[in-house]
Amino acid sequence: MNRRVYLDHNASTPVHPEVLQAMLPYFSERFGNPSSVHGFGREARDGMEAAREQIAAFLKVSKDEIVITSGGTESDNLGIKGVAAARRSGHIITSQIEQEGFTATYLPVDGHGMVSPDDVRAALRPDTIVVSLMGANSEVGTLQPIREIGRITREAGVPLHVDGVQTFGKVPIDLETSGIDLLSFSGHKIYGPKGVAGLYIRKGTKMASIQHGGEHERRRRAGTENVAGIVGLGKAVEVRAREMGEEATRLTALRDRLWDGVQARVEEVRLNGHPTQRLPGTCNMCFRNVESESIVLGLDLKGIGVSAGSACTSGNVEPSYVLVAMGIPLDWAMGSVRSSLGHATSAEDIDYVIESIVPLVAKLRTQSPVGAGRP
């Protein structure tokens, strides 16, 4: 029987045992609606507010600056559209956004997938209402120079929104020195449950609700709260505060072990993303003249879970738009595979992946008409 190795933690993580234990009572005896004034409701609300305090303590902010949402996507929408709706018109600087009634500047990235602070400064206009960037790209893991960009946006008086779904709980975030005004984060990326996330909104940031129908979340996000999920998110943040530093060191070593092992034994392979300014557990590699989907499926047969850097739409395999933006040639970009390590990943797991991927790539290159006969 094959070893089972999960290397897709950037997509989702298993729920931590402490998180599960914290959540369980809120599915049974503490089931009340937190908006109810009776004891059952107050009990649910107490659990929810305790979780909000855990998150606020981790970020070193006031709990009133934390809004709970249903996912990172909703947090991003609230962060960007909420600021935009409060102003009704203007200019947005971002890497991926389209919103009716607003003009947008799409910033380029360099060969490592990094945005230039100088490009942000050059893109600012008198009518710019928000700058929105990812803290780290989920595919290649490159960490953006948020602190430098934050200084620029703060000098200009423009709110900075950061999609921190991939960085929150993995690398340190100092909201004060970074200049971040809005930060999105999600539970299932940090060993918490799916369907719950949050948005930090710095006090004084002009926002408008984009979801209406109730008084929840201080009128910033209507809808009955997912109490068990919120409790789980709070506990997950508490665990990350305790384990993040040590785990980052360990995963960086394992990440480099994977790259070094593959690079030493496979020809025509390249590392994507910044060599050092990268998420601790992310290793994205391109294998020239091999389709990434074939590698992913081949590794799956060996019990290994990784993700492909290309997407199949209507039967046509397309390269990752991230890699294309980075200027990676098509014959390389089509063979992108991302491994994202996590809490349970061991050195033995990494060695097993190396031993599996080396012969697989060699086999695929001999069988593929794309790779056969190529230099």
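Reader: With which hand does α8 pass α12 in their crossing?
Author: This is a predicted model in which local features need pLDDT of at least 70 and side-chain atom pairs count only at pLDDT 80 or more, while totals for chains, interfaces and linings use all residues. Residues are numbered from 1 along each chain as its sequence is written, and side-chain values use heavy atoms, with hydrogens and water left out. Helices are DSSP runs of H or I with at least four residues and strands are runs of E with at least two, both numbered from the N terminus. A crossing is left-handed if the near helix is turned anticlockwise from the far one by less than a right angle and right-handed if clockwise, and the way α8 passes α12 is right-handed.

Reader: At what angle do α8 and helix α12 pack?
Author: Axes are lines fitted to C-alpha atoms, for helices over the stretch in contact, and angles run from 0 to 180 degrees between N-to-C directions. The axes of α8 and α12 (residues 347-367) lie 10 Å apart, and the packing angle is about 25°. Because angles under 35 degrees count as roughly parallel, over 145 as roughly antiparallel, 65 to 115 as roughly perpendicular and the rest as oblique, α8 is roughly parallel to α12, at an angle of about 25°.

Reader: How many charged residues has the contact of α8 with α12?
Author: Contact means heavy atoms within 4.5 Å, and the residues making it include Arg257 and Arg265 of α8 and Asp351 and Glu355 of α12. Ala, Val, Leu, Ile, Met, Phe, Trp, Tyr, Cys and Pro count as nonpolar, Asp, Glu, Lys and Arg as charged, and the others, Gly among them, as polar. By these classes there are nine nonpolar residues and one polar, and the number of charged ones is four.

Reader: How far apart are the axes of helix α2 and helix α8?
Author: Helix α2 (residues 39-59) packs on helix α8 (residues 227-265) at an angle of about 30°, so that α2 is roughly parallel to α8. The crossing is left-handed, and the residues of α2 that meet α8 include Ala44, Met48 and Phe58. The separation of the two axes is 8 Å.

Reader: Which residue has its backbone nitrogen 3.0 Å from a side-chain polar atom of Thr142?
Author: Thr142 sits in the loop between β5 (128-134) and α5 (146-156). Buried means under 20% relative accessible area, exposed over 50% and partly exposed in between, with a 1.4 Å probe and protein chains only, so at 0% Thr142 counts as buried. Beyond four places in sequence, its contacts include His112, Asn137 and Arg278, and the backbone nitrogen at 3.0 Å belongs to His274.

Technical notes. Polar contact = N/O pair within 3.5 Å; in protein donor to acceptor, adjacent residues only side chain to side chain.
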